[in-house]
Every structure is written in structure tokens, then in C-alpha cells.
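Here is a short briefing to read alongside the structure. Take a moment to turn the model around before going on.

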Protein chains: 2
Amino acid sequence: MYIGLDVGGTKITAGLADARGEILQRETSKTAPNVLEQISALIQKFSAGQKIAKIGVGLPGQLKNGVAINMPNVPQLNGVDLLAELNKIYPAEYVIENDANAAALAELKYGAGRNYKNFIYVTISTGVGGGIIIDGHLYTGANGTAGEFGHTVLLPDGPPCNCGNRGCWEALGSGTALAKMAAAAVAENSGTRIKELAKDNRITAEIVVEAAKLEDQIALELLDKNGYYNALGIANLVNTFDPEVIIIGGGVTFNGDYFFQPLFKSLKTFKLLNPEQSIKILRAECGKDTGLLGAVALALP
Amino acid sequence: MYIGLDVGGTKITAGLADARGEILQRETSKTAPNVLEQISALIQKFSAGQKIAKIGVGLPGQLKNGVAINMPNVPQLNGVDLLAELNKIYPAEYVIENDANAAALAELKYGAGRNYKNFIYVTISTGVGGGIIIDGHLYTGANGTAGEFGHTVLLPDGPPCNCGNRGCWEALGSGTALAKMAAAAVAENSGTRIKELAKDNRITAEIVVEAAKLEDQIALELLDKNGYYNALGIANLVNTFDPEVIIIGGGVTFNGDYFFQPLFKSLKTFKLLNPEQSIKILRAECGKDTGLLGAVALALP
């Protein structure tokens with residue numbers, strides 16, 4: 001049996017799966033200040049009476065050899081040697097990975113990537129992240145930090161990114177970036193319905209989509225711009241990796257055509273150097289289960 | 001024994017190597033209109049009295065399953081099914097690859113990459129190309145066109161690139177791009193020595209370096225700008241691949257510190273997300289032999 005643990009900033013989901021990856025049991029709880037104790041309790045519970053072959057753990061941030069080196073949303077884990085601590089709590093074989101990498105594996109084993117061996121997974125939500133599947137395996141780089149597409153620079157003089165660069169994909173194409181651009185547009189244009197739709201003046205990507213549904217021109221232009229930047233990032237990935245397909249997941253994609261149509265339109269304007277001169281874009285299929293399925297996929301044989 | 005064939009727009013070099021990759025015999029001739037016949041003669045000559053295990057062929061352009069699909073510098077091969085034609089001429093096991101990919105293998109087997117298993121090779125000369133080494137193997141993508149870093153867009157409103165995009169790395173950081181920027185700078189500034197150094201008004205990257213050696217301010221600024229764009233491209237590669245090292249080769253790098261120092265200076269200004277937050281840049285070691293060594297490396301066991 002295999003355990004998957006999806007550790008997020010707000011909640012932790014644990015799952016027990018068989019060797020084929022079928023989830024037999026699952027449990028979600030709010031992330032506690034003492035995450036390690038919480039994980040320990042979940043592992044104890046799920047392993048009771050079972051022989052556990054491997055445990056996969058997905059976390060939002062960067063890891064090196066099992067040490068959390070950059071974990072802004074679970075700050076209590078920053079600097080913690082997770083691999084060592086988890087082995088103290090429950091000695092087992094652990095695979096600890098960045099959650100975007102785990103999500104790529106979730107799509108490979110359970111989702112849109114199950115018929116492919118070489119693809120790039122991109123997650124677009126509050127941030128932009130990714131995972132690289134090469135020959136049916138997750139590629140994590142020399143130190144485990146490969147796939148940080150969100151911090152490739154697409155516009156050198158663009159808006160500042162949390163990472164310290166300017167004009168990163170994340171600062172241009174994420175839901176957060178869309179909301180920021182919308183706030184700036186509202187300040188400049190009185191004629192947009194974004195302002196009236198925003199409760200307490202809190203402008204989000206979802207509000208922009210709501211306004212677009214009402215055919216608000218400013219909202220449609222903002223989604224076009226957002227789609228353009230995401231298309232640019234994707235075009236660069238195609239010319240870099242020559243993947244079979246690109247799989248896009250993350251919260252922003254739940255906006256469906258309002259997200260994808262502008263992206264498809266802009267993608268046609270970039271020259272792709274693969275023989276087809278085009279790329280198949282698939283929507284991620286694991287949806288809200290991505291975290292848990294990814295964590296389980298890390299553990300599976 | 002192994003044969004390597006480096007087919008270029010101006011010359012073809014063939015080499016015979018043993019299983020350890022030692023070059024025992026080599027020959028260079030001008031590229032003929034009938035390249036296939038020329039290749040045939042070289043293979044016949046090198047295979048006489050030898051048992052040939054494999055033949056590697058490096059070509060400047062894009063291939064799919066042994067078919068030359070985009071070969072601007074050897075136009076007589078465009079559309080030719082090289083794998084089929086070569087097998088008619090001399091039945092053998094062939095590995096046919098883009099020359100930048102072959103160059104990455106040359107560095108892996110003979111050069112700066114021999115102690116690494118995960119690195120990115122970038123060649124900067126008239127164009128910008130690259131090769132991806134993952135776990136000690138060349139990664140060429142789903143269709144053989146991975147590694148076209150030169151056509152990742154770094155400046156969406158930048159100068160047009162031959163490929164059809166605007167602001168590709170190649171259109172910003174190559175020797176050709178430097179020469180074009182220098183020509184524009186000369187037209188605007190009478191006070192640069194680039195103009196007097198350029199014979200017949202032909203401004204090249206080398207002329208810019210010559211002027212920089214005379215401490216010409218415009219030339220130094222141009223090299224800074226060129227280094228900035230190359231650093232930007234490299235920063236994006238680091239955040240994408242998390243490689244152990246980046247190896248840089250190609251004609252422009254023969255300008256040594258005049259090329260590398262501005263690049264190193266700019267690279268420090270980008271946030272790299274690997275644990276070290278920095279990347280080791282190595283100079284390619286195969287130099288003018290890269291083409292032949294790459295072709296041989298394609299064939300080696």
C-alpha cells in the first residue's frame with residue numbers, strides 16, 4: 001500500500017492507495033502550526049494494519065534533498081529537513097517533491113497525460129509553476145528545482161515579481177497578475193463593470209471573468225492580454241522542449257473558454273519550431289484532486 | 001569502428017573513430033551541390049577494410065525521423081529523407097541529428113561536460129542554438145526539435161527574427177544581432193571607432209570587439225547589451241532546467257572576456273531559483289572540432 005500526503009498552506013490531505021493507484025481512503029484537515037505532528041498522526045492512522053511500501057509528499061515550494069529550502073505558504077517548514085524528520089516519526093521510503101512536480105505526475109498517471117511520455121505541465125493560479133515529464137518520468141533537475149517556468153522572464157521591463165526578477169511569466173500570466181492589471185485598468189477607466197462587481201473593491205481574476213461574461217470590453221481586453229502572456233510562455237516551452245503536448249492546470253483554468261480562447265488566439269501568432277508548427281494543449285483532468293493524486297503518484301511504483 | 005560526418009553549409013568533415021572515440025583518420029572537403037554523393041564517397045573511403053558499427057551525421061537544421069525538414073544552409077538537402085538515402089548508399093546504423101544537439105554530445109564525451117550528467121549547451125554564433133543533456137543522454141524532444149533556445153522570445157517587441165517571431169534570443173544575443181545593433185549605433189553616433197575599423201562598412205561582431213579593445217565606449221555598451229540578453233536567456237534556462245552547469249560554445253565565445261564578462265555581470269542581476277542561486281558557466285572545450293566530435297559522439301556506444 002502507498003500513502004500520499006498533499007501539504008498545502010491551508011489544508012493537508014492524506015490518501016491511502018493500492019499499487020494501481022486507486023485511492024481507498026482519504027482525509028483532509030486544516031494545516032496546523034505543528035505540521036510534522038499532524039503528518040505523523042495521519043501516517044500512523046493510514047498505516048495501521050497495513051504494509052506501507054512508499055510515502056509521497058507534495059509541498060508548495062522548493063526542496064533540496066528532502067530539505068524545505070523555500071516554503072512561503074507553509075513557513076513553519078522552512079529550513080526543516082523533512083526527510084530526516086519524517087523518518088524519525090515513521091521510518092519508510094519517502095519521495096518528497098514540489099507540488100507542481102507532483103501535479104505533473106498526477107496528470108501522467110491519472111489525467112490528461114496518461115497517453116503521453118513527453119509533456120510539460122503548467123499550472124496557472126495565484127502563481128505559475130510547472131513540471132517536466134521526459135520519457136515517462138518526472139525530471140526535477142540537478143537540485144530538484146527544474147520546472148520553475150513561472151520565473152522565466154518574458155518581459156524584461158515588466159512588472160516586478162515576488163521572486164525579485166521583473167516580467168516573470170508569473171507576474172504577467174497568473175491569476176494574481178490578471179487581478180493586478182484589472183485593478184490598474186479600473187483606476188484608469190470608469191466605464192468598466194469590474195469595479196461594481198468587485199465586493200469591497202477586492203478585484204480578483206474571477207471578477208474579471210464575471211465582467212467578461214457581461215461583455216465588458218475592458219475585461220475582455222485584460223483576458224486577451226493575460227492569454228497573450230501565457231501563450232508566449234507556452235511558445236517558449238515548445239521551442240525549448242518539443243513536447244508531445246502541453247497540459248495546463250491550476251485555478252485560473254477553471255474559467256474555461258474565457259481563459260483558453262485568448263490563449264489559443266495568441267498562440268497562433270508565435271512561430272513554433274516543431275515539425276507541426278503547432279502544439280496540442282490539453283486541459284488538466286485531475287482538477288481539485290491534483291494535490292492528493294500527485295502525492296500518491298510520487299509514491300507509486 | 002565508428003564514422004562521424006559533420007555536414008555544414010561550406011564544408012563537410014568526416015572522421016573515423018574507435019569505440020573509445022579516438023579520431024584515427026579525418027578528411028575535410030568543400031560542401032558539393034550533390035551532398036549525398038559526397039557523403040557516399042567519404043563513407044566508402046573510411047569504411048574500406050573496416051567493420052563500421054554506427055555512423056553519426058550532424059547537420060545544421062531541423063530533422064524529423066531522419067528527414068531534413070528545415071536546412072537553410074544546405075538547401076539541397078531540404079525535404080530529403082536522409083536516413084533512407086544514406087541506407088541506400090551504404091546500409092548501416094545511422095544517427096542523424098541537428099548539429100547543436102551533436103555539439104552538446106561532443107562536450108559531454110570530449111569537452112567541458114565530461115564530468116556532468118545534466119547540463120545545457122548553448123551555442124552563440126551567427127545564430128543561437130542548444131542541446132539538452134539529461135542523465136547523461138541527449139534529450140531531443142518528441143520530434144527531435146528540442147533545444148531551440150534561440151527561438152525563445154525574450155523581448156516581445158524586440159527586433160524581428162529570421163524565424164518569424166520578434167525578440168527571439170537569437171535576434172538579441174547572437175553575433176549577427178550584435179553586428180546589427182552596432183550598425184544602428186554607428187548610424188546614430190559619429191564618435192565610435194567601429195565605423196573606421198569596419199572595412200567596406202561591413203560591421204561584424206569581431207569589429208565591435210576590436211573597437212572595445214580600443215576602449216571605444218559605444219562598443220563596450222553594445223557588448224554589455226549583448227551580454228545582458230545572453231544572461232537573460234541563460235537565467236531562463238536555469239529556472240527551467242536546474243542544470244548542474246551551462247556550457248557555452250560557438251564563434252562569438254572566441255572573443256573571450258569581451259563576450260563573457262558582460263554576460264557574467266548581467267547574470268548576477270537575475271534571480272535564479274536553484275538552491276545556490278547561481279550557476280556555473282563553462283566555456284565549451286571542443287572549439288573548432290565541435291562539429292566532427294559531435295558527429296562521432298552521435299555514433300559512439
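Predicted model: local features only at pLDDT ≥ 70, side-chain atom pairs only at ≥ 80, totals over all residues.

**Where the two chains meet**

- Chain B brings 35 residues to the contact, and chain A brings 35 residues as well.
- On the side of chain B that touches chain A, the elements giving two or more residues are β5 (62-64) and α8 (217-241) of chain B.
- Of these, α8(B) gives the most to that side, with 6 residues.
- By class, the side of chain B that touches chain A divides into 17 nonpolar, 13 polar and 5 charged residues.

**The two domains of chain A**

- Chain A is divided into domain 1, made of 2-104 + 289-299, and domain 2, made of 115-284.
- Taken over C-alpha atoms, the centres of domain 1 of chain A and domain 2 of chain A are separated by 28 Å.
- Where they touch, 8 residues of domain 1 of chain A are in contact with 15 residues of domain 2 of chain A.
- On the domain 1 side of this contact, β5 (62-64) and α3 (99-110) of chain A are the elements that give two or more residues.
- The largest share of that side comes from α3(A), with 4 residues.
- Sorted by class, the side of domain 1 of chain A that touches domain 2 of chain A has 4 nonpolar, 3 polar and 1 charged residues.

**A sheet in chain B**

- Chain B has an open sheet of 5 strands in the order β3-β2-β1-β4-β7, with mixed pairing.
- Which strands sit at the edges? They are β3 (23-30) and β7 (94-98) of chain B, each of which pairs on one side only.
- From one strand to the next, the twist averages 15°.
- Within the sheet, β1 (residues 2-7) and β2 (residues 11-17) of chain B run antiparallel and are joined by 6 bridges.
- Asp6(B) stands opposite Thr13(B), which lies in β2(B).
- Helix α3 (residues 99-110) of chain B packs on the sheet, where it touches β4 (54-59) and β7 of chain B.
- The direction of α3(B) makes about 105° with that of β7(B).

Terms used: Residues numbered from 1 in each chain as written. Chains lettered and ligands numbered in written order. Contact = placed C-beta atoms within 7 Å. Nonpolar A, V, L, I, M, F, W, Y, C, P; charged D, E, K, R; others polar. Domains from an automatic or database assignment. Pairing = 2+ DSSP bridges. Axes fitted to C-alpha atoms, helices over the stretch in contact; angles between N-to-C directions.
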